[in-house]
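Welcome! Take a moment to look over the sequence and the model, and then walk through the briefing that follows.

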Amino acid sequence: MGPLELYERKILSDPEFPVQLHINDLARKTWYFAPHWHEHIELHYVMEGKTLLNLNQREIRAEKGNLVVANSNEIHAGYCDGSHMAVMVVIFEMEAFSKELADKNVIFQSLIEKDEMIDGIMSSIYREYKGQEIGYHLICKGELLKLIAHLVREYTVEFLTERESDRRKKQLERLNLVLDYIQSNYTRQIGNRELADIIHLSEDRFNHLFKDSMGMAPLQYINEVRIKKAMNLLKKKEGTVAEIADSVGFGDYNHFGRQFRRYYGCAPSEILKRESRK
């Protein structure tokens, strides 16, 4: 990934249909999309099963018929617990539909349950998306306009000032610099003071910013990066467990084993054994 570790650039280049639409359909225990943010609004409508989404480190549990809204400049990630789920995702930029609302910096309610109008709109969008008959873009766009108007009238939480909106975006951009630094230096010991210096904050202020944005302390995040890197190496069978632990920055083999089991639910040696049987 590039220098902005959390930032995901969205390019919706079709002026006739400035929308990204897809279905997440799976049945395995996994984070099916990693934490990221962008300026666009991202809607997750649960069609089957249930899902867990993290929005700025708040856990949102949603089931069939629920709509989850990831607002602009909000860190979000999605998790499947292993049971079958199907979630329709609709991504758009408010300015492409209403400059007036875009200028107001609308913040919508995160979880919306049991709304028959939303159910009808999302079902219509899904049918058109699956059929893709001539003119389906027009119908989807019209349905999305109805949905936006309904959300604004019924589920607006607040209107951010321009200053508040810019502050949220700037905070995420600063954090990206830190996360990119961690990605480049995770194999060695990294202290909070070192990370705070990157964005010119006191250590206390940095720790507060990091935990507020990521929902965990910097060291916990660093260890998660190391564990994920270790998993990739274990799958490729690139050394023993001890060698891989050392290569990703864990000097204590036992500590690595405990952290790995806590994150993946199994010992690292089990991954090596499984890959060897393939």
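Let's start with Asn 223, which lies in helix α7; helices (H or I, at least four residues) and strands (E, at least two) are DSSP runs, numbered from the N terminus. Keep in mind that this is a predicted model, in which local features need pLDDT of at least 70 and side-chain atom pairs count only at pLDDT 80 or more, while totals for chains, interfaces and linings use all residues. Residues are numbered from 1 along each chain as its sequence is written, and side-chain values use heavy atoms, with hydrogens and water left out.

- Asn 223 counts as buried because its relative accessibility is 8%; buried means under 20% relative accessible area, exposed over 50%, and partly exposed in between (1.4 Å probe, protein chains only).
- Apart from neighbours within four places in sequence, Asn 223 is in contact with Phe 250, His 255 and Gln 259, where contact means heavy atoms within 4.5 Å.
- Lys 229 also belongs to helix α7, which covers residues 218-235.
- With a relative accessible area of 27%, Lys 229 is partly exposed.
- Lys 229 is in contact with Gln 183, Tyr 186 and Val 248, once its neighbours within four places in sequence are left aside.
- Ala 245 is 16 residues from Lys 229 along the chain, and the C-alpha atoms of the two are separated by 9.6 Å.

**The chain as a whole**

- The protein chain has 10 helices and 11 strands.
- Its C-alpha trace spans about 55 × 50 × 30 Å along the principal axes.
- Of the 278 residues in the protein chain, 46% are buried.
- Among contacts with a separation of 6 or more, 73% are made by residues 24 or more positions apart.

**Aromatic rings**

- The structure holds 9 aromatic pairs; rings of Phe, Tyr and Trp (its six-membered ring) pair if their centres lie within 6.5 Å, and planes under 30 degrees apart count as stacked, over 60 as edge-to-face and the rest as tilted.
- In one of these pairs, the rings of Phe 256 and Phe 260 have centres 5.8 Å apart and planes at 55 degrees, so the pair is tilted.
- Phe 256 and Phe 260 are separated by about one helical turn because they are 4 residues apart in helix α9 (residues 253-264).
- Phe 260 also pairs with Tyr 264: the ring centres are 4.9 Å apart and the planes are at 45 degrees, so this pair is tilted.
- Phe 260 and Tyr 264 are 4 residues apart in helix α9, so about one helical turn separates them.
- Is Phe 260 buried or exposed? At 0% relative accessibility, Phe 260 counts as buried, whereas Tyr 264 is partly exposed, with a relative accessible area of 31%.
- Ring pairs link Phe 250, Phe 256, Phe 260, Tyr 263 and Tyr 264 into a cluster.

**Charges over rings**

- Arg 226 lies over the face of Phe 250, at 5.9 Å from the ring centre; a charge sits over a ring if NZ of Lys or CZ of Arg is within 6 Å of the ring centre and within 35 degrees of the ring normal.
- Lys 104 lies over the face of Phe 159, at 5.9 Å from the ring centre.

**The second largest pocket**

- The second largest pocket holds about 440 Å³ of space; a volume is the space filled by probe spheres set on grid points, which are joined across faces, edges and corners.
- On a 1 Å grid over the protein atoms alone, a pocket is an open set of points with protein on both sides within 12 Å along at least five of seven lines, and lining residues have an atom within 4 Å of a point.
- Its lining has 19 residues, of which Glu 39, Ser 72, Ala 102, Asn 105 and Ser 165 lie nearest the centre.
- Which element gives the most to this lining? That is α4, with 5 residues.

- Most residues other than glycine have a negative phi.
- Asn 105, in the loop between α1 and β9, has a positive phi near 50 degrees.
- Gln 132 has a positive phi of about 50 degrees and lies in the loop between α2 (116-131) and α3 (136-155).
- Asn 105 is buried, with a relative accessible area of 16%, while Gln 132 is partly exposed, at 44%.

Conventions
On a 1 Å grid over the protein atoms alone, a cavity is a set of points where a 1.4 Å probe fits but cannot get out, and a pocket is an open set with protein on both sides within 12 Å along at least five of seven lines; lining residues have an atom within 4 Å of a point.
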